[in-house]
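Q: I'm new to this one. Can you walk me through it?

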Amino acid sequence: MATAPYPELLAKRRVPQGRGDIVYPAYWLAAAALGLATVLGVRLDASGAVTLASIVFIGGGLPHGAYDIALLRRAVTLDRATLMLAVTGYAIITLLMALLWMIVPLVALMLFLAVAAVHFGEDWQMLDEPLLRCAAGAAVIAAATIGHPAEVSTLFTMMSDPRASVIAQIITAAAPVALLVTAAGVLLAWRDGSRGWAAAMALCFVLLIVLPPVWGFALFFVFLHSPRHLAQTRVALNDMSLTRWLTTGAALSLLAIFGWLAMRWLAPARIDPPFVAQAFQMLASVAVPHLLLSRWLQRRLDRAIHAPPIIFQEKTACA
Ligand SMILES: CC1=C(/C=C/C(C)=C/C=C/C(C)=C/C=O)C(C)(C)CCC1
Ligand SMILES: [Fe+2]
């Protein structure tokens with residue numbers, strides 16, 4: 001019988017069973033509903049349906065970033081001045097990203113896509129290999145793009161300028177590799193016990209290819225990415241009352257929306273992209289500080305939990 005050469009080494013490399021395996025029944029219901037709608041020939045790509053999908057991803061996904069500052073306060077003891085500094089820094093990064101959309105939208109789009117690949121890769125905490133996590137994060141964008149290259153190209157162009165269609169072409173060309181590597185990630189996640197997440201993401205990639213891109217994204221963002229993040233946040237902020245939890249989520253999401261509208265209103269050149277394009281631009285503006293903070297917090301958390309044994313050392317999404 002063949003035995004592993006260094007069993008103790010292999011045992012050390014295995015991640016804890018089921019790490020990051022958070023999927024709620026609502027996801028399966030939403031996936032089934034969207035699948036059924038497609039089979040029944042419902043026009044999910046009609047302009048009203050795309051606007052609805054944008055409202056769904058903003059309403060259902062935006063609040064998961066609302067607890068970033070509360071999490072920061074929980075992770076480190078901050079005096080009033082340092083807290084103000086952190087809040088100001090968060091606001092300035094958001095503002096800079098919003099300005100980038102108005103001044104150099106092509107750069108903003110590239111930054112947004114790169115940030116998203118890293119950030120969505122953080123959902124794959126069950127994978128030890130940073131490149132695998134990054135590929136899995138990028139595969140969300142790749143799947144939507146390879147499934148609907150023309151629609152994604154149009155969306156990117158609406159968000160930035162006609163040159164953005166080249167970005168869509170590059171993503172389409174790289175998509176098979178990203179998806180193939182991610183298939184290996186799904187299998188590893190399954191093998192290591194995160195079966196709910198592996199199965200849910202496998203189906204989500206198929207739906208990202210099949211569904212109109214904004215619906216595919218809304219499904220992933222609202223029913224997988226955001227609930228996973230919220231569940232972990234709720235544990236960290238377990239002493240926050242439900243009322244405070246809900247008002248924080250609603251108030252900061254509304255602040256982001258009204259902040260965006262105010263920026264657009266104040267902007268000297270008033271070229272207003274369609275609703276769906278602005279919804280993505282606004283999301284991108286808050287996503288950058290959200291990524292920076294969540295990575296920093298995740299590193300601290302990993303360090304605290306996994307410090308002594310080498311096996312669970314510091315984990316980053318793509319670095
Ligand atoms: C614009 C656009 C896409 C990309 C969306 C991205 C990249 C979203 C990132 C959101 C983040 C980072 C949220 C943080 O919590 C898709 C899916 C290809 C579909 C076509 C239009
Ligand atoms: Fe997020």
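Q: How much of the protein counts as buried?
A: Of its 319 residues, 39% count as buried. Buried takes 20 or more other C-beta atoms within 10 Å of a residue's own, exposed takes 12 or fewer, and partly exposed lies in between, with C-beta atoms placed from the backbone. This is a predicted model, where local features need pLDDT of at least 70, side-chain atom pairs count only at pLDDT 80 or more, and totals for chains, interfaces and linings use all residues. Residues are numbered from 1 along each chain as its sequence is written, while chains are lettered from A and ligands numbered from 1 in the order in which they are written.

Q: How many helices and strands?
A: The protein has 13 helices and zero strands. These are DSSP runs numbered from the N terminus: H or I of at least four residues for helices, E of at least two for strands.

Q: OK, ligand 1. Which residues come nearest?
A: Ala116, Ala144, Pro213, Phe217 and Ala287, out of 16 around ligand 1. A residue is near if its C-beta atom, placed from the backbone, lies within 6 Å of the molecule.

Q: Which helix gives the largest share of that shell?
A: Helix 6, with five residues. Helix 6 spans 105-121. Helix 7 (130-147) and helix 13 (275-306) are among the others that give two or more.

Q: How does the shell divide into nonpolar, polar and charged?
A: It has 13 nonpolar, three polar and no charged residues. Ala, Val, Leu, Ile, Met, Phe, Trp, Tyr, Cys and Pro count as nonpolar, Asp, Glu, Lys and Arg as charged, and the others, Gly among them, as polar.

Q: New topic: Gln281. Where does it lie?
A: In helix 13.

Q: Why does Gln281 count as buried?
A: Because Gln281 has 25 C-beta neighbours inside 10 Å.

Q: And what is Gln281 in contact with, leaving aside its neighbours within four places in sequence?
A: Trp101 and Met159. Contact means C-beta atoms, placed from the backbone, within 7 Å. Gln281 and Phe112 are 169 residues apart in sequence, yet 8.6 Å apart in space, C-alpha to C-alpha.

Q: What about the largest nonpolar core? Which residues touch the most other members?
A: Ala139, Ala142, Ala143, Cys204, Leu208, Ala218 and Leu219, of 79 residues. Helix 7 gives the most to this core, twelve residues. Such a core is a set of buried Ala, Val, Leu, Ile, Met, Phe, Trp, Tyr and Cys residues joined through C-beta atoms within 7 Å.

Definitions and conventions: Contact = placed C-beta atoms within 7 Å.
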